[in-house]
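User: I have a structure open and would like to go through it piece by piece. Can you take me through the sheets, the contacts and the helix packing?

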Amino acid sequence: MIDRTKIPAVKPSGDIHFPEFTITNLLSGIKVYLVNDNRYPVTTVRIMIKAGSYNDYFTDEYKAGTATLTGELLSKGTKHSNALQIAENIDVTGSLFASGFGYDGTFLTLTSYKDNSITLLNLISDMILNSTFPDDELNSKKEQIINSLISMQDEGSYLAERIFKYNHYKDTPYQYDPDGYIESLKQITVKDLKKFSEKYYNSENIIIAIVGDFDEGNILRTLEQKFSNVSKDSHVDYFDFKDTDNGKGVVYLKEKKDASQTSLFLGHSGIKRNNDDYIYVTFLNNLLGGSFVSRINKNLREKNGLTYGARTSFNAKMHSGDFTIETEINTEKTGFAIEEILKELNDIRENFVSDEEMENTKNYISGNYPLQLETSNAVSGKLMTMELYGFEKDYFDTYLSKVNNITKEKVKETALNYLHPDKLKFVAVGDINKLEKQCRKFGNVEIINKIK
Amino acid sequence: MIIYKQAVLNNGLRLVMSRKSEIPNVIINSCFHVGSKDEDPNKTGMSHLLEHLMFSGSENIPGGKFDEILHANGGESNAFTTQDYTSYYLTIPSSKLELGMWLDSDRYASFPVTEEGLEVQRKVVIEEKMQTHDNSPFGSLEYESAKRLFKKSGYRWEIIGDENHIKNLSLKDIENFYNSFYNPANMVLTVVGDIDYDETYDLADSYYGSIKTNASMAERTYSEEIIENEIEDEIEDNITLPARFIMYRTPALGTKEFYAFRLMCVGLSSGESSNVYRSLVRTDLTTESYLSNQGMEFESIFSFNSFLNKGVKISQVSKSMDNIISNLKMNGLTDFEIRKSVNKVLTSYYLKIQQSMNLSNHLAFYKLFFNDCEMINNEIKIFENISNQDIKKYAEEYLDSKKRVALNYIPGKKVES
């Protein structure tokens, strides 16, 4: 019989290594990452263009959404095929096509059965190098994004986050989401997209990663052939971010009729993704509010039953970043919840975390890490992260040993440097009548009527 | 091909193991054949509330420690409840398999719930309901569709349950429910990852094989009324733009019809070459339109959902949606649509088995409902063998507009913006 009263002894975990990859530069200058892995008969082709909504700021009239629409239109018409033909060519192979439009990058991913690898490269190179940006396709895509932005405003959590970001990043290239906003989208023309792609779709900015089961020689020959004619003119946009913490100490309230809960969103300035301290803030965040057993979730959910969940994050971008706390919370207890959050922030700043918590968090990060490297899609994503932020090639291989060397002194130092309760701004979306009384003690109340 | 081994432990618990050694981790997945449809109509929300409570500590694991111990050992855990089953899964480094089994099995060995845990989780579940149902656009869709699609069976209420029921469920109610359904004979344990088969069997036998069997499971019966006349209703919601949802009842999970309806969904609405995308989204009528076939133990729900653009009338969209369905009944899918769908199913299949979490879910599911893990290896063949004749026949038989439920969601209480 087993003895259930005793925790079973554990053995140390096996080592994990990031898959081996090669980096090749095509004659045109484009950088290619290859991971040959034939355990499953699928191949993922991921292309990144190192330009995103950050670069919208540098368009003639700051038309937010330009980078996203440029990326969206790549699959909507080329010199060789119209939108329907492109879609048919992708769909008939059974490929799964995904695109992502971020602040700092634009991503296209095609995953398919291995025999289609060359077809995928033909398709994707045609989209990137020969796109024609048809007018009617642009109008339809604008219509789709505008309507989804209208619908998103029905969600309290979206409104709260948008109010925070709009005010935090006011007058910087991160003020708007990659999708832009309704009025800016309406202004964007085919000419803007062509200009954007000419400026940013060059051999410096285009990166390719291929992960899966493929013939390397064949793939490289096709890549050379397809990507031979790419502009080499590179271009860098510079903006001087200052962490002014716009709106520091302000309580932004927005009415949402019949809201049964409050969407609460707190935050202040954070960290850039390629800052060496990023690994420390990630560790700190894990303890504070980044996981189910973290202090803030445990407090608000498991101890007080006020929410289905609460989380904190350091949202690190290429040129700046923010730290946020978000939760959908019981309206009557919103003020109490903010006080508990402040208590947790102060506690982790003022006191060392216990040795046990240090050990547990290290074990958690190490044990969970391999799951992030399991699929070809995940591996190609990590390679792009490495490329975008300019990490050393051993970044993901040495990550865990760095984590294991973090001390509690370092955690406290990080908390003091990167958590600033006095710089928080508070956004609450819900029943203002009930919220104003509870929230005014945290700062000057500003009522938001319309959001952009 | 997926290689796996199976066994039945002495107490009737079914064990499935599959070795997958790319990463040094393991998934432990415990599934119980009980979901919201098995609840007392006056005590809805029981299965889901119990799922929450299973994390609040058990005889040998103090309250709040389950997730802490797991986290401290590099693991993570979660669970979900459907109409038909409840699934608990955790990941942990494979060197700590025994610890994972110790944690997981303790809550099934004896009733783990305390009054204290119940009071907190009751509140958490009500907050969850507010977040995902009451305070969320279209959050009432499951509630509004279930009660119209089904009149007799337990499919007629939503999984999360009625708020008043949740508030009144007592510890005794929960214990009775646990005793009836949380039995080894009603459970499948699936272990996928970097494992040794013999060692895993021995550990499973020690930790799960020792769980006592309660009374034998009652035979499940199912009956439901047929919808005779189309039900079409308007639902006011806290939304700015309208949406239309049409739903038909189709055959259960695992039937040939079920796979055929899945194929129709992919054929008609997956990718931008699809008929649904071209006729509704690309024409600026809707922001998003898609088909889905949600499989359940005794019936499935085939639905066609459209989220309208500003200024578009429901009648315009409704006409296009109906045309797509009548065309499907008359002509089935085109050769192109069939070829595309089979290829997409194949790609998705390889992506699915690449991830241990996904693989364990599927093995567990097939074992639990069909006692047949081999279905995972036969899936592609089943799709390949569906003919256009089958598609036309099934579409004609089940996509009958008299037997459907149509819900038009319209902006009610105006949101200020």
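**Sheets, contacts and helix packing**

Analyst: Chain B has an open sheet of six strands with mixed pairing, in the order β1-β2-β6-β3-β5-β4. At its edges stand β1 (5-8) and β4 of chain B, each with a single partner strand, so one side of each has no neighbour in the sheet. Ignoring direction, neighbouring strands of this sheet are turned by 15° against each other on average. Strands here are DSSP runs of E of at least two residues, helices are runs of H or I of at least four, and both are numbered from the N terminus. Two strands pair if DSSP finds at least two bridges between them.

User: What kind of model is this, and how are things numbered?

Analyst: This is a predicted model, in which local features need pLDDT of at least 70 and side-chain atom pairs count only at pLDDT 80 or more, while totals for chains, interfaces and linings use all residues. Residues are numbered from 1 along each chain as its sequence is written, and chains are lettered from A and ligands numbered from 1 in the order in which they are written.

User: What are the scores?

Analyst: The model has ipTM 0.93 and pTM 0.95. For chain B the average pLDDT (the predictor's confidence in each residue, from 0 to 100) is 95, and 98% of the residues score at least 70.

User: Back to the chain B sheet. How do β4(B) and β5(B) pair?

Analyst: β4 (residues 76-81) and β5 (residues 86-93) of chain B are antiparallel, with six bridges. B:N78 has B:Y89 in β5(B) as its bridge partner. Four residues lie between the two strands of this hairpin, β4(B) and β5(B).

User: And which way do β2(B) and β6(B) run, parallel or antiparallel?

Analyst: Parallel: six bridges join β2 (residues 14-19) to β6 (residues 187-193) of chain B. B:V16 is bridged to B:T190 in β6(B). Helix α13 (residues 356-370) of chain B packs on the sheet and touches β2, β3 (25-32), β5 and β6 of chain B, with its direction at about 150° to that of β6(B). Angles run from 0 to 180 degrees between N-to-C directions, and axes are lines fitted to C-alpha atoms, for helices over the stretch in contact.

User: What is the strand order in the chain A sheet?

Analyst: In chain A an open six-stranded sheet with mixed pairing has the order β1-β2-β6-β3-β5-β4. The edges are β1 (22-25) and β4 of chain A; each has a single partner strand, so one side of each is left without a neighbour in the sheet. From one strand to the next the twist averages 15°. Helix α4 (residues 117-130) of chain A packs on this sheet against β3, β5 and β6 of chain A, at about 15° to the direction of β3(A). Helix α9 (residues 216-226) of chain A lies across β1, β2 and β6 of chain A and runs at about 160° to β2(A).

User: Which domains does chain A have?

Analyst: The domain assignment gives domain 1 (22-226) and domain 2 (250-447); such bounds come from an automatic or database domain assignment. Their C-alpha centres are 29 Å apart. In chain A, 27 residues of domain 1 are in contact with 27 residues of domain 2, contact meaning that the C-beta atoms, placed from the backbone, lie within 7 Å. α6(A) gives the largest share of the domain 1 side, nine residues.

User: How many residues does each chain give to the contact between A and B?

Analyst: Chain A gives 70 residues and chain B gives 68. On the chain A side, α5(A) has the largest share with seven residues. That side divides into 26 nonpolar, 27 polar and 17 charged residues. Nonpolar covers Ala, Val, Leu, Ile, Met, Phe, Trp, Tyr, Cys and Pro, charged covers Asp, Glu, Lys and Arg, and the others, Gly among them, count as polar.

User: Last one: at what angle do α13(A) and α15(A) cross?

Analyst: At roughly 170°, with the axes of α13(A) and α15 (residues 395-404) of chain A coming within 9 Å. α13(A) and α15(A) are therefore roughly antiparallel to each other. Angles over 145 degrees count as roughly antiparallel, under 35 as roughly parallel, 65 to 115 as roughly perpendicular and the rest as oblique. A:K362, A:I365 and A:S366 of α13(A) make the contact with A:L400, A:V403 and A:N404 of α15(A).

Conventions: Contact = placed C-beta atoms within 7 Å.
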